Amino acid sequence: MAKRTISRRRFIQTAGAAALGAGLGAAGLAPRPARAQPKSLKIMQWSHFVPGYDKWFDGVFCKQWGQKHGTQVIVDHISIGEINARAAAEVAAQKGHDLFMFLSPPAAYEKQVIDHAEIYQEVQKKHGKVIDLGHKSTFNPKTKKYFAFSDSYVPDPGNYRKDLWEQVGFPNGPSTWDDLRKGAKAIKDKLGNPCGLGLSQELDTNMAVRALLWSFGGAVQDAEGKVVINSPQTVEALKFMRALFKEAETPEVFTWDPSSNNRGILSGKLSFVQNAISVTRTAEKENPEMSQKIQLTPALQGPVRRIAAEHVMDCYVIWRFAENKEGAKQFLADYMDAFGEAFKASEFYNFPCFPQTVPDLAAQIANDPKAKPPDKYKVLGNVLDWATNVGYPGYATAAVDEVFNTFQLPTMFAKVARDELSPEDAARAAEREIKRIFQKWA
């Protein structure tokens, strides 16, 4: 904020007025009230994968919004790995930001946040109904409370090396999980490039193993919230992952962090990863030649269905202890009015939870001058046909939140891939732990 300069004459006038006010106060007359402190709105969110998005959000949207509403908007950015610890610290202190952004449904914090229903209602008046993915990620059907507000989500397609897959008979990459196993094994045997599905306690693994589990007909819970992880379908998914690991992967996948699969495919090492378009966008900027080789495929078809989780789910919460709740509500509503700009600034990374905010989305992603070919991202046009929420086929409850953040599924899959447990024993072990978690939140 620029410092204001005060002339000598103005200083004397101000000082004289202050002295007069003090004298009047001494004589029993109330002095003028002190000038009110300017309002502030404090926002915490991740450092976006696309630097241009943060530049737009902080330097354009927040700046203009603050000027319009007479509010100083302060945005703090943290890495993905810091989000949960920071949120816990703010709740423990009962002090922190007015708006706090999570990248997965924060149902466990329901008692610490306001009901965000009125924000949804306000936005829906202008932009139509929120998508089911957004609703199921932020609504508790038991308490009828919206514990968060979701503006957007990030698709989680497959990213494959077209030049490698062509050499083993799959010019358009894998379409099914069976294709992935056959093609990835052939590529590793012939060319030495391993497949890149993680088996570690990190975000990308969390999403990939859910896609595999659901595609085989398994799930953590059913639509009513009953634990159903110990099923024949789960056992078959575990058997598949063990075979894929032994035939087409390397032990590195057990120690990966969220960026490991990105680095692996961008360096030319991996044949396939399941990840957001962070992979291809990075290639476009840093390695155009590799960018042409990496293409996208929708969620893989399993024996039961074609499905995948969203890669990340943007969920804003307004804490009950927030100092500027009304400003935070207004900010989110106004942000949705500008989401068309946010979509462009994110380079198609953030898809809208209110589709009417980007009415020409299909046309934009079908003709992108940065992509090679220009219609590379067209495959994401039907993303809502195969993207679902954490907690599918039920809601993203507090129990689901804890299962997600304690990496129960990656642990189950990794133990089978390492031959530490049989698929049947791993499913039973996961059932015991997940039932314990669900009982805790019952």
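Helix H8 (residues 203-215) packs against helix H17 (residues 408-417) at an angle of about 70°, and their axes lie 9 Å apart. An angle from 65 to 115 degrees counts as roughly perpendicular, so H8 is roughly perpendicular to H17. The model is predicted. The protein holds 18 helices and 13 strands, and H8 and H17 are one packed pair among its helices.

**The H8–H17 contact**

- On the H8 side, the contact is made by Thr 205, Asn 206, Val 209, Arg 210, Leu 212 and Leu 213.
- On the H17 side, Leu 409, Pro 410 and Phe 413 make the contact.
- These residues divide into six nonpolar, two polar and one charged.

**Overall build**

- The C-alpha trace spans about 90 × 50 × 40 Å along its principal axes.
- The protein has 442 residues, and 55% of them count as buried.
- Among contacts with a separation of 6 or more, 75% come from residues 24 or more positions apart.

- In soluble globular proteins, nonpolar side chains tend to be buried together.
- Trp 319 has contacts beyond its neighbours within four places in sequence.
- Its partners include Ala 87, Val 91, Phe 100, Phe 102, Tyr 109, Val 113 and Ile 114.
- Glu 90, His 97, Asp 98, Gln 112 and Lys 325 are also in contact with Trp 319.

**Salt bridges across the chain**

- The count of salt bridges comes to 27.
- Glu 323 forms a salt bridge with Lys 42, and their closest N and O atoms are 3.9 Å apart.
- This pair links distant parts of the chain, 281 residues apart.
- Glu 323 sits in the loop between strand S11 (312-317) and helix H13 (325-337), while Lys 42 sits in strand S1 (residues 39-46).
- Glu 323 has a relative accessible area of 57%, so this residue is exposed.
- Lys 440 forms a salt bridge with Glu 402, with the closest N and O atoms 3.0 Å apart.
- This pair also links distant parts of the chain: Lys 440 is in helix H18 (residues 423-441) and Glu 402 is in helix H16 (residues 398-405), 38 residues apart.
- Are the two partners buried or exposed? Lys 440 is exposed, at 52% relative accessible area, whereas Glu 402 is buried, at 15%.

- The side chains of Arg 436 and Glu 433 meet in a salt bridge, at 2.5 Å from N to O.
- Arg 436 and Glu 433 are three residues apart in helix H18, so about one helical turn separates them.
- Arg 436 is partly exposed, with a relative accessible area of 44%.
- Glu 433 is partly exposed too, with a relative accessible area of 28%.
- Elsewhere, salt bridges that share partners join Arg 281, Glu 284, Lys 285, Glu 347, Asp 368 and Lys 370 into one network.

**Cis peptide bonds**

- The peptide bond from Lys 372 to Pro 373 is cis, with omega near -5°.
- Where is Pro 373? Pro 373 lies in the loop between helix H15 (361-365) and strand S13 (387-388).
- The peptide bond from Tyr 392 to Pro 393 is cis, with omega near 5°.
- Pro 393 is in the loop between S13 and H16.

**Positive phi values**

- Gln 94 has phi near 55°, a positive value in a residue other than glycine.
- Gln 94 is in the loop between helix H3 (83-93) and strand S3 (99-102).
- Its relative accessibility is 40%, so Gln 94 counts as partly exposed.
- Asp 419 has phi near 65°, again a positive value in a residue other than glycine.
- The loop that holds Asp 419 runs between H17 and H18.
- Asp 419 is partly exposed, with a relative accessible area of 45%.

Notes
Residues numbered from 1 in each chain as written. Predicted model: local features only at pLDDT ≥ 70, side-chain atom pairs only at ≥ 80, totals over all residues. Heavy atoms only, no water. Contact = heavy atoms within 4.5 Å. Axes fitted to C-alpha atoms, helices over the stretch in contact; angles between N-to-C directions. Helix = DSSP H or I, 4+ residues; strand = E, 2+ residues; numbered from the N terminus. Parallel < 35°, antiparallel > 145°, perpendicular 65-115°, else oblique. Nonpolar A, V, L, I, M, F, W, Y, C, P; charged D, E, K, R; others polar. Salt bridge = Lys/Arg side-chain N within 4 Å of Asp/Glu carboxyl O. Buried < 20%, exposed > 50% of the residue type's maximum accessible area, 1.4 Å probe, protein only.
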